[in-house]
Every structure is written in structure tokens, then in C-alpha cells.
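This briefing is intended to be read alongside the sequence and the three-dimensional model. Please keep both in view while working through the points below.

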Amino acid sequence: MALDVLVIGGGNAALCAALMAREAGASVRVLESAPKAWRGGNSSHTRNLRCMHDAPQDVLVDAYPEEEFWQDLLKVTGGLTDEHLARLVIRHSATCRPWMVKHGVRFQPSLSGALHTARTNAFFMGGGKALMNAYYRSAEKLGVQIDYNAEVDEVELDQGRFVAAGVKHKLPDGSVRRERIEAKACVLAAGGFESNREWLREAWGQNERGEYPADQFLIRGTRYNQGVLLKHLLAQGADRIGDPTQAHMVAIDARAPLYDGGICTRIDCVSLGVVVNREARRFYDEGEDFWPKRYAIWGRLVAQQPGQVAYSIIDAKAVGRFMPPVFEGTKANTLPELAQKLGLDENVFMQTLNDYNQACRVGTFDHTALDDCHTEGVTPAKTHWARPIDTGPFYAYAVRPGVTFTYLGLKTDETAAVHFNQVASPNLFVAGEMMAGNVLGKGYTAGVGMTIGTAFGRIAGTQAAQAALKEQGHAVA
Ligand SMILES: Cc1cc2nc3c(=O)[nH]c(=O)nc-3n(C[C@H](O)[C@H](O)[C@H](O)COP(=O)(O)OP(=O)(O)OC[C@H]3O[C@@H](n4cnc5c(N)ncnc54)[C@H](O)[C@@H]3O)c2cc1C
């Protein structure tokens, strides 16, 4: 019998779609490009999702009403959002958790070190890896067919209607078996293109120093989000949303692996010290705002520096005030020694540090508030938490831009349909990072990626099942 719903991708959005379609009575097959051990895409790196609630709810304290969530989204996107779709996602976040729990997901309160998130974000017990394992287990139990090592590189369309997908099964001996899979409806949930280094290179281009900045980027998540389907669909005339040069980028440990370093590669001491570039010069206000509100701008700032590298410098006073990185930093008893160990010009480095130290106007240091410790007479200024870096031992962490996800995607509507020339496809739907740009045109607020993927994954799965079952009805009639 012909397949009802084909789901392409194997992360949160894909599994939400698969489970909903199956619950609606459709036969479902999931194609995941990664091998089983690496299944789950970027979703397996996550920790939480952002949820609205009008009163305390199990792991969430106080209230986080729809309007506040919407204002947060509006602020970070600078208006690059669709209010109708954004509110749909926000409302969905109030009701999705019991369904997640039904499929084996467990929640826990936010950790005490995770500033301000106890009210807004529900944390997955065991992180995204446990969440994805729960969804896969549930899908298998419900009879969803799952293929790993199955990369879709072709989608056959007939005037905007999905017909079939061309899949490359990567076999254990390294060979490839091709298959053409027809289905009555299809959900695309294959992530962004952040793992595709050539595409990043093309999008970022060459800078005034003749460098290709993207060559130095590290990818925080999966290697499997190559954007193959995104490119293929755009080439076939699917309506697009978002800017290919926009990506969520964080400054991460320069020693992180090229892919899958995940959250433990973050360097969280920027606001407690200073950051210098390869030329040993500061380039931005390290104390502009609370770190959780600013961490996502530092990837781009570092990307603009020579060699796309920078060094976060702290002294002994900062130790114990931030989540320590997994690997120890470069340690030295004096600042000149630190400069030598980092291979930086010692004279320029000392000039930068001395200028900064002399400019510090220390008031009452308080890292939990926008305190009054600031600089005067140095450029760039440090507007909060400015204290001289004068107490050894001194530490440095080299950082590089770490790409979380890209924003380019497919245009959609409240039914999650893919659009061609502004006409909604009757049986091709999209969810997750492949369409997140409709809600999040730029910027980020923690946990919203999983909120969008959960909401649209579930909508896409329901719509795909309806489209498939409607077609079945026609066939019977
Ligand atoms: C380190 C890190 C931490 C994060 N933390 C959070 C967090 O705590 N909260 C939050 O909300 N967001 C977080 N995010 C963002 C979040 O991961 C994404 O918003 C979300 O996972 C997107 O879900 P998705 O299902 O669209 O994509 P993914 O989970 O990336 O899934 C895409 C899937 O498609 C598969 N695929 C790709 N191409 C093909 C193809 N051609 N054929 C078949 N399969 C294909 C991939 O293998 C993968 O399984 C984090 C991201 C990273 C990298």
C-alpha cells in the first residue's frame, strides 16, 4: 500500500511531525541522513524550550504570559517576524508539554547557574539527547518506519504537489543504494545549511583583508545539516524567507571540534574580563549587558576580527563566577607571560591592558546586576563589571565563531505548507529550522528554536496526515 506521510529529517521537528501524523492514523516513514548513533540533529544538543504560561506550571515558576513572550520575540528579531505565526507558536508552547510527556520526555527545573530561565524555559531531563531518544522510542512503538543513513537529495514535484523523494541509502560497505519513495504527503524537516562549509563560504564571501571568514567557523551542532533539500527546493521555485548571511553565532572555545562540540564549548567569562583580537587590541564593550543576552553577538564580532580569532582574558578575581569551560585556559602568573604564551605582541597587549586597567572606575561590583563598575576614557568602553585585571594567576581562552544555525528557509503559513509563487502546496509541509526564519528572521531568545520546531512539527504532521487521508478518501470514492 502506498505510504501516507514521508518525513525527511530526524530531529525534533521531524519526530514531532512523524508522531502526530501516526497518531492521526497515517502510515509514516522517517528518513534520517545520520547514522543511528548520531541521529537527532541539532535537537540532540539542546537543553530546553521556551514556554508561555499564565501561572506556575510544574517546572516553570511564576508566569510568562503570551504578550511578554511576543515582546521578547519582537525585540530580538527587530520586527523580522510574522506576528500571526509567532503568536501561533507562542500559544502552542502553553499546551505542548503534556503531549511531550506522553511520548516519554521528562522535564526538570532549570539549574541555578542558568540565569533567568526558571520562569521562561522548561529543561529536558537528560538534555536534547534524552528527548530525541524518547521520541524515537515512541515512534518505533507506534509503528513508524525509520531509515538511518538515508539522505534525501531529490524531491519530485508536480506543480507544487509532492510526488516522490529520491534517497541515497549509505550502506555499511560504503556503497550507495538509491530508492525512489512515493508518498501521499511529505514533511520537510531537514534543518538549516549551517554544516555546509562551502555554502557558508559563499554566503559570507571575502573580507577586506582577503580572508574567507567562514573558513574559520566551527559548527556547534550536527554535520548532517548540509542544506541539500533547502537548496533543491529553492531551485525548484519554493518561496524563500530569511537572509543566507544571517546565522546564530556564538564565540566558542577555539579548540572545539569542527562539528558537534555542543554547549560545553561555550566560553562564558567574557563579561568578567576583556577580549582582545590577534593584534592584542580590544574591540567591543564586554560589559554591555548580561551575558545570556549578549553571548550570541560575540560569534559575529569575532568573525569580523583578523584571523577570526580572539582571546578572553580574566584574572583570579573572575574564577568561580562563571561556568568553567571543559578545558583549562592558558594560565600565567603575569600578564606579559600570558601574552607570550598566546603568541601576542607583548607591548601592544600590555598597552591595551594598562589602558583598560587605568580606565576602570570600580563602584560596587555585582555580576547579577548591571552594576556601576565602568571605564572612563578608553575605547571601546566597558560599561559594567569593569575591574582592573591585576590579580594573578591570569587566564586566557582563545575563541572562534561557532555557528548554531542559519536563518534562510522556506516561506510558510499557519498550515506549515510550502509555498510556490505564493500558492500553498496541498501536500508538502515544512517544519523546524527549515522554516524558523518565518518567526525568527534574526536574533535569538533562548529556547525558541525548539518551541518553533515543536509547534510547526506538530502542525505539519497533522496537516500531512489530513492531506494523505483526504487523498485516500478520493481514491476510495
Ligand atoms: C549546541 C546547540 C545548542 C542548542 N540549544 C538549544 C536549546 O537549548 N533550546 C532551543 O530551543 N534551541 C537550541 N538550539 C537550536 C536547536 O537545536 C534548533 O533550533 C532545533 O534543533 C531545530 O530542530 P530541527 O528539527 O529543525 O533540526 P535538527 O534537529 O538539526 O534536525 C535536522 C535533521 O535533518 C537531518 N537531515 C539533514 N539533511 C537531510 C537530508 N538531506 N535527508 C535526510 N535527513 C536530513 C539531520 O540529520 C537531522 O537529523 C541549539 C543548537 C545547538 C547547535
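The structure is a predicted model. Its largest nonpolar core has 135 residues, and 44 residues surround the ligand. Helix α12 (residues 448–476) gives the most to this core and also gives the most to the shell around the ligand.

**Nonpolar core**
- Within the largest core, the residues with the most contacts are Val 5, Ile 8, Ala 17, Val 187, Ala 431 and Ala 464.
- Helix α12 contributes eleven residues to this core.
- At least three core residues come from each of domain 1 (3–192 + 408–476) and domain 2 (249–402).
- Leaving aside residues up to four places away in sequence, Ala 17 touches Val 7, Val 187, Ala 189, Ala 431, Gly 457, Ala 460, Gly 461 and Ala 464.
- In soluble globular proteins, nonpolar side chains tend to be buried together.

**Shell around the ligand**
- The residues that come nearest to the ligand are Gly 11, Gly 41, Gly 221, Gly 432 and Gly 449.
- At least two shell residues are supplied by each of α1 (12–23), β3, β7 (150–158), α7 (228–235), β18 (394–406) and α12.
- The contribution of α12 to this shell is four residues.

**Three-stranded sheet**
- Three strands form an open sheet in the order β3-β5-β4, and their pairing is antiparallel.
- Strands β3 (48–50) and β4 (107–108) lie at the edges, each pairing on one side only.
- Three antiparallel bridges link β3 to strand β5 (residues 121–124).
- Leu 49 is placed opposite Ala 122 of β5.

Notes. Residues are numbered from 1 along each chain as its sequence is written. This is a predicted model: local features need pLDDT of at least 70, side-chain atom pairs count only at pLDDT 80 or more; totals for chains, interfaces and linings use all residues. A nonpolar core is a set of buried Ala, Val, Leu, Ile, Met, Phe, Trp, Tyr and Cys residues joined through C-beta atoms within 7 Å. A residue is buried if 20 or more other C-beta atoms lie within 10 Å of its own, exposed if 12 or fewer, and partly exposed in between; C-beta atoms are placed from the backbone. Domain bounds come from an automatic or database domain assignment. Two residues are in contact if their C-beta atoms, placed from the backbone, lie within 7 Å. Two strands pair if DSSP finds at least two bridges between them. A residue is near a molecule or strand if its C-beta atom, placed from the backbone, lies within 6 Å of it.
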